[in-house]
Structure formats: C-alpha cells, structure tokens
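Student: I've got a model open and I'd like to learn how to read a helix and a ligand site. Can you walk me through it?

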Amino acid sequence: MDRQKMKVKICLVGEGAVGKTCLIRRFIQDQFDDRYISTLGAKVSKKEIRVDGPNGGIDIDMTIWDIMGEKGFRELLKEAYFHGAQGVLAVCDLTRKETLDDLGDWVAAVVKVTGNVPIAYLGNKYDLKDQMVVSRADLQGAAQAHGSPYLFTSAKTGENVEVAFSKLAQMIAQRAS
Ligand code: G3D
Ligand code: MG
C-alpha cells in the first residue's frame, strides 16, 4: 500500500517579535519556498515532513501561515488567516512575560474560527536563559489550560524547532486517523 499523504494548514500566533518568522525560517531552511499575500498581511511557506504512522509513516504537506504586522492585524483578516487551520503553534517570548499573558487572546481568536484544533505552546528564545522571566510552570499552566503540550525553543540555535513542528504534525495526523 502507498504511504498515506495529508495536506495540512498550520498557523503561528503570538505577539510581535516573539520569533514566529524566525522559527518558520529555521524550520523550512533548505526548502525555502514562501509567498507573501499582501492583501492578507500574511506569508505562506511550505514544507513536507514525515511523521510516524502505518506503512512507514505519513507524508505531511505543511502549509505554514505567518502573520506580518501583528499590531495592525485586523479583525476581518483573522477569519481568512485562521480559516481551515488544522493546528496552531502559540508562541511567546521567554524574556517578556506579557507575551505569555497575551497568548490567551490569540488562542481564543483562532479557536473561534477553527474550533478545537491541536495547539502546541512554544516558549521561544530559550537561548537567552539568563534573561528568562517566563518559568516552566507559567508556560505549562497556559498549555495545560488547553490540554496542550509545551516546548522551549530557540530559533537562534535551532533547539526543539523541528521537534515543535513535528509534534504538531503528529497531533494533527493522529486526530485525523
Ligand atoms: P515575529 O515574527 O514573532 O514578529 P521575529 O518575530 O521572528 O521577527 O523575531 C523578532 C526578533 O527576535 C528578531 O530580532 C529575531 O532575531 C529575534 N529572535 C527570534 N527568535 C529568537 C531566538 O530564539 N533567540 C533569540 N536570541 N532571538 C530570537 P531583531 O533584532 O532582528 O528584531
Ligand atoms: Mg514575523
């Protein structure tokens, strides 16, 4: 039997400068292929990954949506941006506590459009350990409120970046099967 294939759309949400664009860049690296949709204020990238599953795994064709200009991200655009998303990476900056506090609003905005889809919480900039103000307990608390996993990532060193996207893909694949 042929390996199973899936197309999935995922979104990254979080305040400006938490590292969303850098995380995506780090993840897609060699497969740099993206498109800026100026009318939406969003950028779309693609990458194929394989996750565990029957018959040697499942090939997942990921379309990754990145918000540009979080501040001016209008209510009307949220609908189009989040529409059809099957998974979400909710990103905060470990050196700025308010970015975790604000994540609740972002997640609520997505869930309103997508319904209950898999979400993984990322505490980014883990390389700046000495400037960390968001604790493991803080991040875990936010994630657990949604029954979601969390990870400490660094787009700078690459730590846990691949893991984060793969984890989300795996959750989406499991949900679909
Ligand atoms: P955004 O897309 O969420 O708005 P960006 O955030 O990806 O544009 O990143 C915002 C700034 O944070 C950038 O710095 C970027 O280099 C930095 N950054 C992103 N991820 C990390 C990380 O894991 N560790 C560290 N130390 N910095 C990170 P500049 O100075 O270019 O604005
Ligand atoms: Mg960005």
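Student: Which residues of H1 are buried?

Tutor: Buried means under 20% relative accessible area, with a 1.4 Å probe and protein chains only. In H1, that covers Lys 20, Leu 23, Ile 24, Phe 27 and Ile 28. Helices here are DSSP runs of H or I with at least four residues, strands are E runs of at least two, and both are numbered from the N terminus. One caution: this is a predicted model, so local features need pLDDT of at least 70 and side-chain atom pairs 80 or more, while totals for chains, interfaces and linings use all residues. Residues are numbered from 1 along each chain as its sequence is written, chains are lettered from A and ligands numbered from 1 in written order, and side-chain values use heavy atoms, without hydrogens or water.

Student: What covers them?

Tutor: Look for contact, meaning heavy atoms within 4.5 Å. The cover includes strands E1, E3, E4, E5 and E6, plus helix H6.

Student: And which helix gives the most to the shell around ligand 1?

Tutor: H1 (residues 20-28), with three residues. A residue counts as near if one of its heavy atoms lies within 4 Å; 16 residues surround ligand 1, with Lys 20 and Thr 21 among the closest.

Note on methods
Buried < 20%, exposed > 50% of the residue type's maximum accessible area, 1.4 Å probe, protein only.
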